[in-house]
Amino acid sequence: MDVEMQEASILEDLLYVFMGFEGQYIRFRDDYNPANENDRLLGPQYKISPGLDPSLRDLTTTMLKMATYYGAVEAFVEVQSREEFGVVNHALSAAIRKLLRDYLVLIGQFEHQFLTSPSFTLHLLHLHTMPTSNMLSQLYSLAKEILKKNSMLEEDDEDDSMDDFDDVDNIIEALREGNDGGARLPGSKICRGGSVLALLTQRLSSMAGDPAARSLLSLLLREASRPYMNMLNEWLHRGVIRDPHSEFLIKEAKSIRRERLEEDYTDEYWEKRYTVRLDDVPPQLEAVKDKVLLAGKYLNVVRECGGVDVSKEMVDIPRTFEDIKFLDNVNSAYAHANTSLLELLLTTHALPARLRSLKHYFFLDRADFFQYFLDISNAELSKPAKKINIGKLQSLFDLALRQPGSIAASDPFKEDVKVRMNEVDLTKWLMRVVSVSGMDENAVSLDATTHQASAPNQDEKPITGHYALELDYKVPFPLSLVISRKTVLRYQLLFRHLLTLRHLEGLLSTSWKEHTTVYTWKHRSKYPQVEQWKRRAWNLRSRMLVFVQQLLYFCTMEVVEPNWSKLMKRLDEVKTVDQLMQHHVDFLDTCLKECMLTNSKLLKIHAKLLTTCAMFSSYTTHLSRSLIAADPELASPSARFEEGAESVPFDPENMVKLNENLGKYEHNFGRHLKILLDALNYFAATETVVLLSLCARLQMAQSRNESESAELVVAG
């Protein structure tokens, strides 16, 4: 066969091969199997019959690359059009399919030229196919890169087989619902959504010097980003995620539902229901990914409260990444969502009023109703915590709340407050939290610490209701996002601390009342030793009462009130919902720190001082009996007449025991108070400057009491 006949035959074969078929002289290589998907994705390899003129063979071999590219790209489009590859891959495949359709039209034009024009040669065909070959080369290179990320080519390593495991929650949820159509098991990676757009963007930036390649990749990026932009607009303007294939940059944990918040409003709904897929963020959204997340989260909350009309059509919004309004759209949606949710929280659901209600109950602000509750429930609260009837206690609490004239009577949220018992001592609980997990842990961890702490304490004396009492507060959605379980726990810690101080103040005041009204203490003894002992007891009780009152005043007036004023001021100036939530948590953390509840050293000293005060106040009646034993004349006249016994002489040995007993209280209280003052001075200089005022108050009271003690010694 001469060269002209060879050229005509090869031309006819090439037209078939360009469309993916075998010719008479150009056949598939023996190692290529059209039925094997992997072979088709790599592209068909061809062999040319021997005997072809070398010049024709070189041109043919060059043009056969385009046929390989076409076959591989066509197989790629077929594979990427499957449902599990997501809408971005579907849009990319549709754009490539249009280009392949234009390619087939071009092949038809070549066939027409071949049949009608005698001047149509192999060289001319080569010249006409060069631009198309370059385009298909770009598509082939892109397809190979995507397929490698999908682990669909043999030469790709099989590492990171668990990269897609982050969607296992949604896979399980889909299987529960009986919908396994779009769920792929972890272990098969899929490059979709933001990863595909990132790949296109990266290739586009690397092709800065090739106008034809840039034009092609810009077209593909524009078309592939359309469905992604639809998902983005749905999220930004309606707070809805329509992402059946898990390709959007925001991941929704469908297992976390709002219905669970009514019973246990943990922070999971806000912090874990919506998160960013850090590996699937398109470069165009990298700088604003946090705004995208927050805008949708805010709007989602407003939508669930009926504040967003999802049926309203979205108009004048960007449809591709190339739109000049793209970033403005994100920023405006973020600002609108912020404003909407802030208005919903602060105005519609009256968050400031809720916080004031919490302050009344948990910080005992204007708490005349609570003092009344303590009075009427004293008998019940004096029992061990395990034996207290919670139902009875709740009834008494409700009765106190409805007391006419109290601040609680007019509170519309009083039904949300409940009483309960926490059998773990506050100091032990705080020590576990501070030393093990810290106050930055979430509420679940703190609750777990509480239960673990309560197990091994079977041999210890159970605490009474006064020390176990705590309040709980039911918060409706969406306020539960701000007043979360984590923040309610902090309120409870502060409440138990303030209640302990109030209770101790009441015990010491009762001791003062007994010291001033009971005959044993009021009647003057004829023995100087007894009178001196009584003055020492009065002085110690007075020092303890001053200490507790100064501590209570400091916690309420110098910690809670100033920080509360700052919080209310910040609420008026707040710009974002996350700022609002952070301000609230910061307020509570600051109160805990300044009330010395987050420092293990201060906690230990503090606990020892309060225990000493509690023991002394509870032993006042016992001390009265010991005083009568030392000096029988101090018994009330009615008691002496009833007994009808002869007067017992004064016993100095009893006074020795009394002095020793009282001396232990004085020593313990004085020593621990000195340690506390030294610690306050140190921590005021290094950590919390507000402790300086408490230190000054206590030192002033201490010096005054020391001078009074010196006067007693001189008088004695």
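Select helices α10 (residues 289–304) and α11 (residues 326–348): they pass each other in a left-handed crossing. A crossing is left-handed if the near helix is turned anticlockwise from the far one by less than a right angle, and right-handed if clockwise. The axes of the two helices come within 8 Å and cross at roughly 40°; axes are lines fitted to C-alpha atoms, for helices over the stretch in contact, and angles run from 0 to 180 degrees between N-to-C directions. Helices (H or I, at least four residues) and strands (E, at least two) are DSSP runs, numbered from the N terminus.

The model is predicted: local features need pLDDT of at least 70, side-chain atom pairs count only at pLDDT 80 or more, and totals for chains, interfaces and linings use all residues. Residues are numbered from 1 along each chain as its sequence is written, and side-chain values use heavy atoms, with hydrogens and water left out.

Next, show the side chains between these two helices. On the α10 side, the residues in contact (heavy atoms within 4.5 Å) include L294, Y298 and V302; on the α11 side, they include V330, Y334 and S340. The residues of this contact divide into 13 nonpolar, 4 polar and 1 charged. Here Ala, Val, Leu, Ile, Met, Phe, Trp, Tyr, Cys and Pro count as nonpolar, Asp, Glu, Lys and Arg as charged, and the others, Gly among them, as polar.

Center the view on V302. Is V302 buried or exposed? V302 counts as buried because its relative accessibility is 5%; buried means under 20% relative accessible area, exposed over 50%, and partly exposed in between (1.4 Å probe, protein chains only). The C-alpha atoms of V302 and S340 are separated by 7.0 Å, although the two residues are 38 apart along the chain.

Now follow α11 along its length. Its 23 residues reach 32 Å from the first C-alpha to the last, close to the 33 Å expected at 1.5 Å a residue; the expected span is 1.5 Å times one less than the number of residues. Among the buried residues of α11 are F326, N329, A337 and L345. After α11 comes A350, whose phi is positive, near 50°.

Move on to helix α4 (residues 86–116), which packs against α8 at an angle of about 145°, with the axes 8 Å apart. This crossing is right-handed. Select V88, L92 and I96 of α4 together with L220, A224 and Y228 of α8, which are among the residues that make the contact. The contact residues divide into 14 nonpolar, no polar and 1 charged.

The aromatic rings form the next stop. Rings of Phe, Tyr and Trp (its six-membered ring) pair if their centres lie within 6.5 Å; planes under 30 degrees apart count as stacked, over 60 as edge-to-face and the rest as tilted. By this rule there are 25 aromatic pairs. Y228 and F248 form a tilted pair, because their ring centres are 5.5 Å apart and their planes lie at 55°. Y228 belongs to helix α8 (residues 211–238), and F248 to the loop between α8 and β3 (250–252), 20 residues apart. Both Y228 and F248 are buried. The rings of F321 and F326, with centres 5.2 Å apart and planes at 65°, are edge-to-face.

Finally, display the whole chain, which has 27 helices and 6 strands. Of its 716 residues, 50% count as buried.
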